[in-house]
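Thanks for making the time this morning.

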Amino acid sequence: MSCMFRRIALQTGRCRSERNWPFPKYLGACGRVIFVENGWKLLDTSLASPWKERANIALQLLNMIDTFRNGDPKWIVIFLDFRYENFAVDQSGRLNLIDFDEVMLIDREESGDGEKKESCNMKDLKRFLSGTEKDGICFQVPQYSQMMYALACVRLLSFLPEHLLKSLSDRHRSPEHVRPPGLLWGPPEHEATAIEALLRGCVEEKVAGGRLKAVEKLKAVLQRTLI
């Protein structure tokens, strides 16, 4: 596909230095090997942290996806491999993406604009990914970029029982695998009902645009709990 290619390693240092993107600091390169800063804590070590720390990381994750979708006028960043081991928290509490194997840069000039006109959920994403070698598929990529929120919510944020077995694929887990509750377990009692509803709206929307509204409301609630 001409609009999809992995060159994120070449962009890592530039993005981090020029736009403060959520990538490790670029230290240098030798041939095709790049060197970046490390020594941070993997994301799963934050699961036992106090609520405000976890809520702040969750908010950073949602903002990271905002940046992937809208942070550059020429490119859309697509990342679908939302697993704890692909993210790390630095010494200042800043969340970073540290594994670029599944990152794709999408040229906006070769893709369409706007969101889907109907609801979009996991089955739609699976169908789209199964046809990624077809002509014209690049044009549709931006319409499915919102599914990064759904994957982040279901795999990293949600603590709801119906989400603990959900997965886009079983490539990384056995069918009987149940992951630990996500970062947003144990929310403040007065916000728990709202957070649960918004996580459900993030993972599966009922009407077009519902997911994006749920994400914005979830970010507002999380921000409120940090005060």
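What follows covers the helix contact and then the rings.

This is a predicted model, in which local features need pLDDT of at least 70 and side-chain atom pairs count only at pLDDT 80 or more, while totals for chains, interfaces and linings use all residues. Residues are numbered from 1 along each chain as its sequence is written, and side-chain values use heavy atoms, with hydrogens and water left out.

Let me begin with the helices, which are DSSP runs of H or I with at least four residues, numbered from the N terminus. Helix 5, residues 147-157, packs against helix 7, residues 210-225, at an angle of about 55°, and their axes, lines fitted to C-alpha atoms over the stretch in contact, with angles from 0 to 180 degrees between N-to-C directions, are 10 Å apart.

Now to the rings, where Phe, Tyr and Trp (its six-membered ring) pair if their centres lie within 6.5 Å, with planes under 30 degrees apart stacked, over 60 edge-to-face and the rest tilted. The count comes to three aromatic pairs. F79 and F82 are edge-to-face, at 5.2 Å centre to centre and 70° between the planes. F82 and F87 have ring centres 5.9 Å apart and planes at 20°, so that pair is stacked.

Terms used:
Helices (H or I, at least four residues) and strands (E, at least two) are DSSP runs, numbered from the N terminus.
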